[in-house]
Amino acid sequence: MNLIDWIRQPWPWYVAGPLIGLVIPLLLIIGNKTFGISSSLRHICAACIPAGISYFKYDWKREAWNLFLVCGIFLGGIIAATLLQNPDPVQVNPKLAEELAGYGINDFSNLVPLQLFNWENLLSLKGLLFTVGGGFLVGFGTRYAGGCTSGHSIMGLSNLQLPSLIATICFMVGGFIMTNLILPILLKL
Amino acid sequence: MSTQENHKKFLTENTDFEMRSLDAVCFNESELSHPWWYNFKYLFVGVLFGILLVKAEIVSWFRIQEMFKFQSFHMYGVIGSAVVVGVISVWLIKKFKIKTIYGEPIEFVKKDFNKGQIYGGLLFGLGWAVTGACPGPLFAQIGTGASVVAVTLLSAIAGTWAYGRLREKLPH
């Protein structure tokens, strides 16, 4: 198996995790930057729609590095999905696959279930809840919590910050509640 | 005035960043100013990170569901090993007082606890499980061709804006 074929396979956690961990010292060393992605959403608000709100009145241009970072993530997504694409369907735990099939989700060709997230569905109640509702919770919640999985769970925990541990536990609790208690209802819609 | 003194002045007198304790990641630690194109190095880091997010399937809605149903170790392994490497890196940087490539001392932000981490954390957790994405993966998912996720991203920006608008009224 050559290198490119190897890269195209899904990467195991013990390769991906340590590489993500190394982003922390990399950003610190190349520019004293603290790893965190959700603040990019705040900078976009500050740049485009500040509306006189004090929370958005700051010099967002000083934070432009964060916007370059997320543009890079977008480009990285394109590269991974084209040049480095995995030809096989996504491996899903058989139990999950069986449960999802009960809700009519049986297309595992993409990392995002296209049967849930697509333009035709967007204006249905289900589509609105998953796409618009979910996105709103992500943007509102991360800023309320002062960080996301990268800012709190990776960077904050790496710096042994107790508030980040509390935030991470709450992320997980919220996720457990949604996946196990609320999603079964939403998926039936 | 030394860079460090300058930095302290910036932190204490810059009222724009009064919410620093609430939002520790939103901060430019560097006092040096560089031409804008220096930011391209972060674009490059972003590209590598984006590839990583997709290839490790961290952007996968299915992987997130497996995590919250305890059906797969994958995400726990990713986050856990990332934190272990991060803790060791931060410890090494502090221990050996490693400087940036521009010779600046590396500074760490201490986060203060506030109730927002609980309320906001729970709300984000709900959104994470619905969309299968935290903010980074949203950008990567759009890159992989799931174009409708652009609506999710716009909605996340709206959510951030709504938080900024309501911030004074929310319990912290």
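**Conventions**

I number residues from 1 along each chain as its sequence is written, and chains are lettered from A and ligands numbered from 1 in the order in which they are written. Since the model is predicted, local features need pLDDT of at least 70 and side-chain atom pairs count only at pLDDT 80 or more, while totals for chains, interfaces and linings use all residues.

**Entry 1: confidence**

I looked up the scores of the predictor and found an ipTM of 0.95 and a pTM of 0.90 for the complex. I take a contact to be two residues whose C-beta atoms, placed from the backbone, lie within 7 Å. Where pLDDT is low, predicted coordinates should not be read in detail.

**Entry 2: the chains**

I listed 8 helices and 0 strands for chain A, and 7 helices and 0 strands for chain B. Helices (H or I, at least four residues) and strands (E, at least two) are DSSP runs, numbered from the N terminus. The C-alpha trace of chain A spans about 50 × 45 × 30 Å along its principal axes.

I then looked up burial. A residue is buried if 20 or more other C-beta atoms lie within 10 Å of its own, exposed if 12 or fewer, and partly exposed in between, with C-beta atoms placed from the backbone. Chain A has 189 residues, 50% of them buried; chain B has 172 residues, 51% of them buried.

For contacts in chain A between residues at least 6 apart in sequence, I noted that 47% join residues at least 24 apart. In chain B, residues 24 or more positions apart make up 54% of the contacts with a separation of 6 or more.

**Entry 3: the interface**

I found 115 residues of chain B and 119 residues of chain A in the contact. On the chain B side, the elements giving two or more residues are α2 (40-55), α3 (61-68), α4 (74-95), α5 (116-131), α6 (135-143) and α7 (149-166). That side has 67 nonpolar, 34 polar and 14 charged residues. Here Ala, Val, Leu, Ile, Met, Phe, Trp, Tyr, Cys and Pro count as nonpolar, Asp, Glu, Lys and Arg as charged, and the others, Gly among them, as polar.

**Entry 4: two helix pairs**

I checked α4 (residues 64-82) of chain A against α2(B): the angle is about 40° and the axes are 6 Å apart. α4(A) is therefore oblique to α2(B). Their contact divides into 22 nonpolar, 5 polar and 1 charged residues.

I also checked α8 (residues 162-186) of chain A against α5(B), which pack at about 40° with axes 6 Å apart. This contact holds 18 nonpolar, 6 polar and no charged residues.

Axes are lines fitted to C-alpha atoms, for helices over the stretch in contact, and angles run from 0 to 180 degrees between N-to-C directions. Under 35 degrees counts as roughly parallel, over 145 as roughly antiparallel, 65 to 115 as roughly perpendicular and the rest as oblique.

**Entry 5: α6(B)**

I found 9 of the 9 residues of α6(B) buried, so this helix is largely enclosed by the rest of the structure. Its buried residues include B:P135, B:F139 and B:G143. Among the elements covering them are α3 (39-48), α6 (125-145) and α7 (149-158) of chain A, and α2 and α7 of chain B. Just after α6(B), B:G145 takes a positive phi of about 110°.
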